[in-house]
Amino acid sequence: MMDSNIIKKLEEIVGKDSLTTREEDLHCYSFDGTGKAYLPEVVAYPQNTEQVSNIMKLANEYNFAVVPRGAGSGMTGGAVPLKGGLVMAMSKLNRILEIDVDNQIAVVEPGVVTGDLQKEVKKVGLSYPPDPASLKYCTIGGNAAECAGGPSAVKYGVTKDFILGLEVVLPSGEILHTGARTEKSVTGYDLTRLFVGSEGTLGIITKIFARLLPLPVHKETFLVESTSLKAATEMVAKILNANITPRTLEYMDKTAISIVRDKLTNPPPETVEAMLLIELDGEETAVLAQTERMKALFAGLEDFTIKHAQTEEEVNDMWQARRSISPSTFNLRPNKISEDVAVPRSRIPELVEYTEKLAKEYGLIILTFGHAGDGNIHVNMMLDRSDIKQAMAGKKAVDLLFKHAVKLQGTLSGEHGIGISKAPYLTFELDETTIKVMKSLKQLFDPNNILNPGKIFPQTAE
Amino acid sequence: MLSKTAKEQLIAITGKDRFSDAVEILTCYSYDSFLEEAMPEAVLFPVSTKEVSEILQVASAHKIPVTARGAGTSVCGAPIAVNQGIVLCFTKMDKIIEINTPDRYAIVQPGVINGELQRALAPEGFFFPPDPGSMNFSTIGGNVALNAGGPRCLKYGVTVDYVLSMEVVLASGEVIRFGSRNIKDVTGYKLSALFCGSEGTLGIITELTLRVVPCPETAQTLMVTFDELDNTAKSVSDIIGSGILPVAIELVDKVGMNALENALHQDLPTEAAGTLLIEVDGIKESCEREIEKITDILKKNHAVSIIKATEEADRNRLWAARRAAYGVFAKIAPDILSEDVTVPVSKVPEMVRSINSTIGKYKLKGGVLAHAGDGNMHPFICADRNDKEEWAKVEAAFKEIFTDAAALHGTLSGEHGIGLAKTQFLPLVMDEASRKFLTTIKRAVDPDNILNPGKLV
Ligand SMILES: Cc1cc2nc3c(=O)[nH]c(=O)nc-3n(C[C@H](O)[C@H](O)[C@H](O)COP(=O)(O)OP(=O)(O)OC[C@H]3O[C@@H](n4cnc5c(N)ncnc54)[C@H](O)[C@@H]3O)c2cc1C
Ligand SMILES: Cc1cc2nc3c(=O)[nH]c(=O)nc-3n(C[C@H](O)[C@H](O)[C@H](O)COP(=O)(O)OP(=O)(O)OC[C@H]3O[C@@H](n4cnc5c(N)ncnc54)[C@H](O)[C@@H]3O)c2cc1C
């Protein structure tokens, strides 16, 4: 429990107006995108690194939990204060400190919203590619902590590929600088990539050196309809191996198509089993050349129809299909289990076939869609939790899905992280010794287990 | 000395023919491409993860230092057994286990030579992007342990960007596996980041799953000369600043070019103050467009001559000269010391100037090569180590170069690693808390400090 003495000390660190213990405020910081809720005891809004460091020192002294939080859009419970304590909200650490155009680097505080950074760098002809669907509200700090990805990962990579260096406050309060401002650095262990994706369990990120790229000047968008899912995923490989590098290569299966059908100006025929949304970007000559090649790949194939957007309206219409999936799912059933397993690309049909089998066996509605280009598949299981049978079936199906994904040489999570939702399944993929090493790192960084406790590792084994 | 028991236990694992403590054999494993030498007490050639694990269990029990070794081409002393003990040489774990082009990965043992992997991938139309100058003899294990780079890293990134999954034997002999065959994988901590580049100080790599990519359909190379080194360097930052991302931009100065020509006799541009080798790749139409844009930038920076090579044979000839550089320079003087400080690309002109003025100030023989596009400079100085006075100057000059790079927000090493060579300079670019932290990690994973002691931390 945090008594008034601790609260007073916290006030001295961050200032009275940057701290709250009001119940209604605490509720706002009790949950994330998973909907799981645990109430913190206090929320603090530090304004600089030194304050973050002082909070950590205090937390060690009085042994309370600290949970860093960006926008709380996480899908695995990472920012949920499982053990109460303090939520450290990053909303006042939200400045873009520098945009170094010559070296294509941005230096930002963790609370900067991803979309805001993208807008700012665009003004100087640069881009920050990682584009999680939540970019309008999620933060760069949260992206770094989860190693977020997005549709553009197939061409550009994920968050880790765009972070050159970090300033991190360790659980002890010590301030660490990792990485460098250079593209290449092998000076010492690569701690940058270790902190990226560590879900706020190893240190608090207080500054980010982000790598930027020149803004692509030209774009072409395509929607492909296919009467065979297998043919569609095989086509993905063909496209990528034909020296075509799309920035988006999303697919949706027939269940996903069926729920967005009424949102489309030109809904696909009933025979369509899969759709691909493809976007090319870059320098104009290169994009046009790739466009020709792609059309050639599809020429004369009966299983496919390819539509090439000619106006901005048509582009939006094509995206509408992909973007409407998530919100439309709730028309099917009130609750959703959303997973983001990844499998090697050639195994996508096997995974989808398996989800169809699960749906049949367990009476669930399952749709799959997502990043076909990199094998990162969003599996949505729709159910009604008030029906105890469905709730149980859902749990069982998730269990089987993870087992099967690992069997297909896949992984539990391609971008959302482990958090609390997937912690019980970690042993499906990693053996005990490996988990032990990861836990010993956690122990090493955070001997008192005060930083975001209860995440990533299965609770029973602790 | 290895105790009799330890020796017997080790031989019981590998058999007599894959264990040696004969002086003439040990000598072969006492050096790398850096300057120091140290004799190990034994060298072992494991053939399986199981053997490596058993060897480490013995080493742990007797607290015997273990230094992994690939081809020994490191230029920072990383594989030298400075605390003696045993060298684990991976030349017999050299199998390519699987190549899967539809899913774009290759599974290899650590002793596979980088070039062998390239040759196995080529018929499938694929390649493994990391291309250190030593690619025809260095091992993938060594590349990963040092996070090696090479010319085309400018566009494609360094080794760590291509490691999907690893199997590692810890000091205790325990075997861990992490990562998967998936490009996207956020399950648990990214341990591959930690082990990649750890110079054999945290664990022994026994298997790697690597990302491989399709070969570009075309590539074009330009060789460009300048009569001022400043313009040469300025062109580099201008090209990168324009938004074009070539595969490689290599810079060679006059001293370097003359040394190359003396050795290779290829009609190289010995008069030029600076020469750039620029390669672009991708689809044909965009290569041509990029070459046009680059040519404009080069002309604005007063390039003297621009030679274009489209044919594979011509391109290979240009690149052969660049790849030969290190070996050639070694012949200029008894010893060559080459470093690989790295600076943000806009600072390339300043760094080139500063390297030259430092070498001039100490009246030494040397110059600069660079993977210039990513700011990775290779200043080199040729001298005689036995000439104490001259050598003191060499060391002073490099210290100055490191300090200058750090002041420009640079770093000590872009690709060669810290090893023995640069440990003392770490404070220039890393604060105390961060250095202490590296040691803490090392201790946690290797409490008895048996893995490659004396390196990096
Ligand atoms: C509609 C929707 C769509 C989404 N689409 C995608 C997608 O396409 N791709 C994708 O990858 N994710 C997606 N997500 C998930 C989520 O948006 C990402 O995981 C995002 O990176 C979380 O950022 P956040 O700022 O909301 O972090 P939070 O949810 O607040 O926190 C996430 C984790 O990061 C930690 N953290 C936050 N800030 C810091 C810091 N400064 N230092 C250390 N740790 C910190 C927290 O402790 C927590 O463990 C989506 C979520 C929603 C709701
Ligand atoms: C002519 C020449 C050109 C070069 N050009 C480049 C270049 O362009 N870019 C570049 O980055 N480097 C370059 N180098 C340096 C060197 O070739 C690379 O660092 C290479 O990666 C070393 O590989 P190796 O197999 O020789 O490893 P070694 O030198 O044998 O070992 C290097 C390090 O790796 C560790 N190690 C080896 N195998 C394992 C294993 N299985 N598990 C754990 N640790 C292991 C060793 O302990 C040691 O610390 C060059 C060297 C030469 C001689």
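In chain B, β3 (66-69), α5 (140-145), β10 (204-211) and α11 (312-329) each contribute at least two residues to the shell around ligand 2; helices (H or I, at least four residues) and strands (E, at least two) are DSSP runs numbered from the N terminus. This is a predicted model, in which local features need pLDDT of at least 70 and side-chain atom pairs count only at pLDDT 80 or more, whereas totals for chains, interfaces and linings use all residues. Residues are numbered from 1 along each chain as its sequence is written, while chains are lettered from A and ligands numbered from 1 in the order in which they are written.

**Shell around ligand 2**

- The shell comprises 37 residues, of which Gly70(B), Ala78(B), Gly133(B), Gly142(B) and Gly200(B) are the closest; a residue is near a molecule or strand if its C-beta atom, placed from the backbone, lies within 6 Å of it.
- The largest share, four residues, is supplied by α5(B).
- By residue class, the shell around ligand 2 contains 14 nonpolar, 19 polar and four charged residues. Here Ala, Val, Leu, Ile, Met, Phe, Trp, Tyr, Cys and Pro count as nonpolar, Asp, Glu, Lys and Arg as charged, and the others, Gly among them, as polar.
- Domain 1 (4-89) and domain 2 (96-214) of chain B each provide at least three residues of this shell; domain bounds come from an automatic or database domain assignment.

**Shell around ligand 1**

- Around ligand 1 there are 35 residues, and Gly70(A), Gly74(A), Gly78(A), Gly142(A) and Gly200(A) come nearest.
- In chain A, β3 (66-69), α5 (140-146) and β10 (204-211) each supply at least two residues of the shell around ligand 1, and α5(A) gives the most, with five residues.
- The shell around ligand 1 divides into 14 nonpolar, 16 polar and five charged residues.

**Domains**

- Chain B is divided into domain 1 (4-89), domain 2 (96-214) and domain 3 (218-407).
- The C-alpha centres of domain 2 and domain 3 of chain B are 27 Å apart.
- Seven residues of domain 2 of chain B are in contact with 12 residues of domain 3 of chain B; two residues are in contact if their C-beta atoms, placed from the backbone, lie within 7 Å.
- On the domain 2 side of that contact in chain B, three residues are nonpolar, two polar and two charged.
- For chain A, the assignment gives domain 1 (1-215), domain 2 (218-328) and domain 3 (334-407).
- A distance of 30 Å separates the C-alpha centres of domain 1 and domain 3 of chain A.
- Five residues of domain 1 of chain A are in contact with five residues of domain 3 of chain A, and the domain 1 side consists of four nonpolar, one polar and no charged residues.

**Strand β12 of chain B**

- Strand β12 (residues 218-226) of chain B is largely enclosed by the rest of the structure, because seven of its nine residues are buried. A residue is buried if 20 or more other C-beta atoms lie within 10 Å of its own, exposed if 12 or fewer, and partly exposed in between, with C-beta atoms placed from the backbone.
- Nine bridges join β12(B) to the antiparallel strand β14 (residues 274-282) of chain B; two strands pair if DSSP finds at least two bridges between them.
- Within β14(B), Leu277(B) is the bridge partner of Met223(B).
- Strand β15 (residues 305-309) of chain B also runs antiparallel to β12(B), joined by five bridges, and Ser305(B) in β15(B) is the bridge partner of Thr225(B).

**Contact between chains A and B**

- The contact takes 70 residues from chain B and 66 residues from chain A.
- On the chain B side, β9 (175-179), α7 (191-195), α8 (229-241), α10 (284-300) and α14 (432-445) each supply at least two residues.
- The most, seven residues, comes from α14(B).
- The side of chain B that touches chain A divides into 32 nonpolar, 25 polar and 13 charged residues.

**Lys422(B)**

- Lys422(B) lies in the loop between α13 (388-407) and α14 of chain B.
- Lys422(B) counts as buried because it has 23 C-beta neighbours inside 10 Å.
- Leaving aside neighbours within four places in sequence, Lys422(B) is in contact with Cys76(B), Leu412(B) and Ser413(B).
- Lys422(B) and Leu412(B) are 10 residues apart along the chain, and their C-alpha atoms are separated by 7.7 Å.
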